[in-house]
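This report describes the architecture of a two-chain model.

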Protein chains: 2
Amino acid sequence: MMDSCQHIVLVSRPTGIPVAENFRLETGPMPVPTDGEVLVRARYLSLDPYMRGRMSPAKSYAKPVEIGEPMEGETIAEVVESRHPDYQPGDLVRARSGWRTHAAISAEGLHRVDPALAPITTNLGVLGMPGFTAYAGMKVIGQPKPGETVVVAAASGPVGSLVGQLAKLAGARAVGIAGGPEKCAYVRGELGFDAVVDHRSEGIEEKLAEACPDGIDVYFENVGGQIWQVVLPLLNRFARVPMCGVIAHYNGAAGAEHDLLPATMLAIVRRSLLLRGYINVEFVDEHYDAFLREVGPKVRSGEIRYREDIVDGLEKAPEAFIGMLAGRNFGKALIRLS
Amino acid sequence: MMDSCQHIVLVSRPTGIPVAENFRLETGPMPVPTDGEVLVRARYLSLDPYMRGRMSPAKSYAKPVEIGEPMEGETIAEVVESRHPDYQPGDLVRARSGWRTHAAISAEGLHRVDPALAPITTNLGVLGMPGFTAYAGMKVIGQPKPGETVVVAAASGPVGSLVGQLAKLAGARAVGIAGGPEKCAYVRGELGFDAVVDHRSEGIEEKLAEACPDGIDVYFENVGGQIWQVVLPLLNRFARVPMCGVIAHYNGAAGAEHDLLPATMLAIVRRSLLLRGYINVEFVDEHYDAFLREVGPKVRSGEIRYREDIVDGLEKAPEAFIGMLAGRNFGKALIRLS
């Protein structure tokens, strides 16, 4: 066994878009597990938009990452050494072990991963927290009915792609928004959305209106910003808006030049809209088992499709993360650790 | 019987705050009911903030009032002539007969009023649509639990006053926001709120924070604007925001000098907030009977308090309405017709 490990720490808080200098790759001694802990070696690290929030000091559902501490994140990892009776070396687990090659962590927060059921990376994507975010938002908040129209942005990503496929399974019309012709072709062709709109092309207002001739009944919000402005006029009375993220605002951009809040508040009142922010963990106890039961078999059978964007090497995580915030990934962003 | 009647028509759409010139008092021939209709004479006309919305051409849950047509509104009226078997002259009804002394209207939309149960004006206030707006918003959306904190603005008004009293009945802490010392004294003293903050005084941010030491779990939104900005930082995780109106935005004011939408969107996501716009009618079928059953006896016994601001004469309706939008009424705004 090596006697050193690597991790990426937060060295400064970004003032806007994160830059490479906010992170640093460090080498440290191999951690040693205490009673009840296991030493894990990460195989895959998940990169997710929520991590931008953890880099900020703002009040949120979770504490920010402290300066000098490793970035937080979920991994698929292998148990190397165990001081807990339930785990043995070689076991595969899903762990919140962070941007690290190795970690000594409590066995309490681990989830077993069965490589026979599906490729292990799906535990970080379509069958992991991103997939469950899509599932819970649709099940608890969005509740699409047959014939309704569901719109989701970042439609080729791990959350949006499942939102649209769940909409189709519910008998609704699925309309995606994605960036660039390649992603749009994938959303329409491979994922089977009814329509897709390229947010990088001109006239997105008109194109989205054309794609939603009966308005929008469920808008799954994971971006905010300009897309919300385009969606808002199309929302039908009683439309539901599950909000798992507003990636457009994470970097603290100034927003529009005038105050867009009154128009949104008026629309909420006049059209009886429902907006509900959430984080997937609040629904885990009640809905996670059903999620695995309903979505798992469809992923294994290929009825539900997914796509991954895998980058090799922990040292590439900052660059890949910054790229993901800019939409340069195509599919679930993952780091493969050697 | 007189052979002429009076009504107030919309002669132009306000561009901001409505002015007297947007309205005109007109005299016309006495309407004649056809089969299935009744001729009613209004005794009380209700003035409500939603009417500002009907003066605008904007898309909403209801059609705008057309130029040259009488303003819409609810009245307590007496049947003068009936061409419907269920109604006789002398019957008292709640009717959507508008800003008119007399109207010939379909009997289908009438609701009987029993003067033995409570003062007839309560059918336009605490036991009418304003009261039901408070009840439904709290019952369906706000759902206050014992020990939680409920905040409502326009706390001396017909909606806010019941919101706070329902919060108390649910075992929650009721905090009101009202304008001026007289209204604040009434909210604290007569209505029994736990605390009240005067939005006309300095330092409302600090005062509201002091009044809500455990944050806010339910904010009943009926004003928007600056009050929302003061409330937003205090909203707890999982706070619920029933939104029945945003009176601060009805006049089309420009809003703040910078974009306040991103901060609201981020708060919704980070604190798992629920915002739900509604109009009372969407809950009538399911909850109106329970409302009368639960709130009616408490109004009659005096356990639930209310206050009315009655102005005499249909010709005073425009001025009283404009005053109400500016918060110059003290209690439910009513016009008494001679």
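A residue is termed buried if 20 or more other C-beta atoms lie within 10 Å of its own, exposed if 12 or fewer, and partly exposed in between, with C-beta atoms placed from the backbone. The model is predicted: local features need pLDDT of at least 70, side-chain atom pairs count only at pLDDT 80 or more, and totals for chains, interfaces and linings use all residues. Residues are numbered from 1 along each chain as its sequence is written, while chains are lettered from A and ligands numbered from 1 in the order in which they are written.

Helices (H or I, at least four residues) and strands (E, at least two) are DSSP runs, numbered from the N terminus. In helix 2 (residues 129–142) of chain A, 13 of the 14 residues are buried, and the helix is thus mostly covered. Just after helix 2 of chain A, Q143(A) adopts a positive phi of about 45°.

A167(A) belongs to helix 3 (residues 158–169) of chain A. Is A167(A) buried or exposed? A167(A) counts as buried because it has 28 C-beta neighbours inside 10 Å. Contact between two residues requires their C-beta atoms, placed from the backbone, to lie within 7 Å. Not counting residues up to four places away in sequence, A167(A) touches P144(A), V150(A), A172(A) and A174(A). Of these, V150(A) is 17 residues from A167(A) in sequence, with a C-alpha to C-alpha separation of 6.5 Å.

**The interface between the chains**

In the interface, 34 residues of chain B are in contact with 32 residues of chain A. On the side of chain B that touches chain A, strand 12 (235–243), helix 8 (261–270) and strand 13 (274–277) of chain B each supply at least two residues. Helix 8 of chain B gives the most to this side, with 8 residues. Residue classes are assigned as follows: Ala, Val, Leu, Ile, Met, Phe, Trp, Tyr, Cys and Pro are nonpolar, Asp, Glu, Lys and Arg are charged, and the others, Gly among them, are polar. By class, the side of chain B that touches chain A comprises 18 nonpolar, 10 polar and 6 charged residues.

**Strand pairing**

Two strands pair if DSSP finds at least two bridges between them. An open sheet of 12 strands with mixed pairing has the order 10(A)-9(A)-8(A)-11(A)-12(A)-13(A)-13(B)-12(B)-11(B)-8(B)-9(B)-10(B). Strand 10 (195–198) of chain A and strand 10 (195–198) of chain B stand at the edges, each with a single partner strand, so one side of each is left without a neighbour in the sheet. Direction ignored, neighbouring strands of this sheet are turned by 15° against each other on average.

| Strand pair | Sense | Bridges | Partner residues |
|---|---|---|---|
| Strand 13 of chain A, strand 13 of chain B | antiparallel | 3 bridges | L275(A), L275(B) |
| Strand 3 of chain A, strand 4 of chain A | antiparallel | 7 bridges | Y44(A), I76(A) |

**Helix packing**

Axes are lines fitted to C-alpha atoms, for helices over the stretch in contact, and angles run from 0 to 180 degrees between N-to-C directions. Helix 4 (residues 181–190) of chain A lies across strand 9 (173–178) and strand 10 of chain A, running at about 170° to strand 10 of chain A. Helix 5 (residues 204–211) of chain A also packs on the sheet, where it touches strand 9 and strand 10 of chain A, and its direction makes about 175° with that of strand 10 of chain A.

In chain B, helix 2 (residues 129–142) packs against helix 9 (residues 284–301) at an angle of about 105°, with the axes 10 Å apart. Helix 2 of chain B is therefore roughly perpendicular to helix 9 of chain B. Angles under 35 degrees count as roughly parallel, over 145 as roughly antiparallel, 65 to 115 as roughly perpendicular and the rest as oblique. Helix 2 of chain B contributes G131(B), F132(B), Y135(B), A136(B), K139(B) and V140(B), which meet H287(B), Y288(B), F291(B) and V295(B) in helix 9 of chain B. By class, this contact has 7 nonpolar, 2 polar and 1 charged residues.

**Domains of chain A**

Chain A is divided into domain 1 (4–113 + 309–336) and domain 2 (129–280), with bounds from an automatic or database domain assignment. The C-alpha centres of domain 1 and domain 2 of chain A lie 29 Å apart. Their contact takes 14 residues from domain 1 of chain A and 13 residues from domain 2 of chain A. Helix 1 (residues 50–54) of chain A provides the largest share of the domain 1 side, 3 residues.
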